Amino acid sequence: MMTNVRDALTDATHRLGERVDAEMLLIHVLAKPRSWLIAHADDTLAPAVVDAYTALVARREAGEPVAYITGRRGFWMFDLEVTPATLIPRPETERLVELALERLSNETAWRVADLGTGSGAIALAIAHERPRAHVVATDMSADALAVAQRNATRYNIANVSFLKGEWFIPLQHQRFDMIVSNPPYIESADPHLTQGDLRFEPLSALAAGHDGLEDIRRIVSDATHHLAAHGWLLMEHGWNQGEAVRMLLRSAGFVDVFTATDMEQRDRVSVGCWSGS
Ligand SMILES: C[S@@+](CC[C@H](N)C(=O)[O-])C[C@H]1O[C@@H](n2cnc3c(N)ncnc32)[C@H](O)[C@@H]1O
């Protein structure tokens, strides 16, 4: 039986419960932009396309995230490569990028560090928007860094460098005007880790000890040795961790501490300025 674009999408939407997932998978198979689907709803799909699409829909039905199936996820102005070695960048993290850019004027050659860069999402957005800055991005995962490097190359972003290692270890004796991080921050016993899309993402990118603050604690305390006076630390965290993170920042000697909310008005990014003392 011949299948057209409209019927293929209707069937897949029914199976997946999400029209957007059905569309993303079909444009991936067809290698077309999303807008193409509207103008070509009546086009007949070749049997090989139908077979390939059916296979991808089955993977999504089994729970695999669309971004891992297509190998791509939009972030900021990029269509980033992602693999199972990287977290799938989230829209909430763009809030962290906005807060960082508000503190980095265009003219200065800022030194910025992005800890736990994953696909490179944050580092590449800052480096692209602030071409005079130099961004050093670290991760303990060599596989994630390889993806981040490919993303930098694809977008021709040269003012970023990548270093492998645990948090500040690759940055010994270096100080920065700004340190940004979206570290793991989920409690290790949180049942969500074994449900939905999170099941497919690297546990090392998600879980951070019994209270989810293990990595944030370490970053706050070590950041004091790696920030220039009046430098900024910006960290993404869970919606229920704002108060704890602000307390950690103040106890470590940060001033002008506040938490910014995401699009759903939930605590998402905490910021502090290093007093230098
Ligand atoms: C939540 S993901 C964030 C990825 C990316 N920055 C983003 O926002 O999409 C956390 C990242 O931290 C890295 N990571 C986890 N533990 C680390 C450690 N001890 N040292 C360095 N990187 C670590 C993981 O490999 C992962 O890429």
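How do the residues of the lining of the largest pocket divide into nonpolar, polar and charged? They divide into 19 nonpolar, 17 polar and twelve charged, where Ala, Val, Leu, Ile, Met, Phe, Trp, Tyr, Cys and Pro count as nonpolar, Asp, Glu, Lys and Arg as charged, and the others, Gly among them, as polar.

Colleagues, this is a predicted model, in which local features need pLDDT of at least 70, side-chain atom pairs count only at pLDDT 80 or more, and totals for chains, interfaces and linings use all residues. Residues are numbered from 1 along each chain as its sequence is written, and side-chain values use heavy atoms, with hydrogens and water left out.

Let me begin with the ligand. The space that it takes is the largest pocket; a molecule sits in a pocket if more than half of its atoms lie within 2 Å of the grid points of that pocket. A pocket, on a 1 Å grid over the protein atoms alone, is an open set of points where a 1.4 Å probe fits, with protein on both sides within 12 Å along at least five of seven lines; lining residues have an atom within 4 Å of a point.

Around the ligand there are 17 residues, of which Gly 116, Asp 139, Trp 167, Asn 182 and Ala 205 come nearest. By class, this shell has eight nonpolar, seven polar and two charged residues.

Turning to polar contacts (pairs of N or O atoms within 3.5 Å), a polar side-chain atom of Asp 139 lies 2.6 Å from a ligand oxygen. A polar backbone atom of Gly 116 is 2.8 Å from a nitrogen atom of the ligand, and for a backbone N or O atom of Thr 117 the distance to a ligand nitrogen is 3.3 Å.

The largest pocket holds about 1,100 Å³ of space. Its lining comprises 48 residues, and Leu 87, Tyr 185, Ile 186, Ala 205 and Leu 206 are the closest to its centre.

Finally, the second largest pocket contains about 240 Å³. Its lining includes Met 24, His 28, Arg 72 and Asp 79, and by class has four nonpolar, three polar and four charged residues.

Conventions:
A residue is near a molecule or strand if one of its heavy atoms lies within 4 Å of it. A polar contact is a pair of N or O atoms within 3.5 Å; within protein, one must be able to donate a hydrogen and the other to accept it, and residues adjacent in sequence count only if both atoms are side-chain atoms. Grid points are joined across faces, edges and corners, and a volume is the space filled by probe spheres set on the points.
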